[in-house]
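Here is a brief report on side-chain packing.

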Amino acid sequence: MGDARFMNVRIGDAERTESIELLTRHFNAGRLTPAEHEERREKAKIAIIRSEIEVLFDDLPAPHPDMSAALPPVVSEAEQAAARKTPMSEFWSILAGLLILFGIPAVIVLGTTLGLWWLFGPLAVGVILAFVLEEASMKPKRLQD
């Protein structure tokens, strides 16, 4: 059988037709009985996903149907990152942005007027902590198969 991540991908008429033609070739080569051939043809006609076709050829030698068109959709890195976000990770992301947006100007003003330059330290820790907590609160990354 093929790669497990592709097994639930939907197929179309072209894959079903090719499968039926190849089953007929195997029948003509004497690899299938008339009953097996008819049973597999009927299953190929109503197949919806790739695995339903591939199982029909598990015990047969080549040729097998070309399933290269029945691949799962490509998901961009941006879509993968968006799928990992949670409400809590969004909160930490916004907090980090606000700390940067308002914290840096506030520390610059306080530093120049009151000499409180040391506030850059806690600000940096807060920003780093917010980004770390954002990553920690995201859904786990899915492993590439």
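## Aromatic pairs

In this predicted model, Trp 117 is partly exposed, because its relative accessibility is 42%, between the 20% and 50% cut-offs. Phe 120 is also partly exposed, with a relative accessible area of 33%.

The whole structure holds two aromatic pairs. Trp 117 and Phe 120 form a stacked pair, because their planes meet at 10° and stacking requires under 30 degrees. Their ring centres are 6.1 Å apart.

Phe 91 pairs with Trp 92. The geometry here is edge-to-face, with centres 4.9 Å apart and 70° between the planes. Phe 91 is partly exposed, at 44% relative accessible area.

## Leu 123 in helix H6

Leu 123 belongs to helix H6, which spans residues 120-136. Leu 123 counts as buried because its relative accessible area is 12%, under the 20% limit.

What does Leu 123 contact beyond its neighbours within four places in sequence? The partners are Leu 99, Gly 103, Ile 104 and Val 107. Gly 103 is 20 residues away from Leu 123 in sequence, yet their C-alpha atoms are 6.7 Å apart.

## The largest nonpolar core

The largest nonpolar core has 12 residues. Among them are Ile 11, Leu 32, Ala 44, Ile 53, Phe 57 and Met 67. Helix H1, residues 13-28, contributes the most to this core, with three residues.

Phe 57, a member of this core, also has contacts beyond four places in sequence. These are Ser 19, Leu 22, Leu 23, His 26, Pro 63, His 64 and Pro 65. Leu 22 and Leu 23 are core members too.

Note on methods
Residues are numbered from 1 along each chain as its sequence is written. This is a predicted model: local features need pLDDT of at least 70, side-chain atom pairs count only at pLDDT 80 or more; totals for chains, interfaces and linings use all residues. Side-chain values use heavy atoms; hydrogens and water are left out. A nonpolar core is a set of buried Ala, Val, Leu, Ile, Met, Phe, Trp, Tyr and Cys residues joined through side-chain atoms within 4.5 Å. Buried means under 20% relative accessible area, exposed over 50%, partly exposed in between (1.4 Å probe, protein chains only). Helices (H or I, at least four residues) and strands (E, at least two) are DSSP runs, numbered from the N terminus. Contact means heavy atoms within 4.5 Å. Rings of Phe, Tyr and Trp (its six-membered ring) pair if their centres lie within 6.5 Å; planes under 30 degrees apart count as stacked, over 60 as edge-to-face and the rest as tilted.
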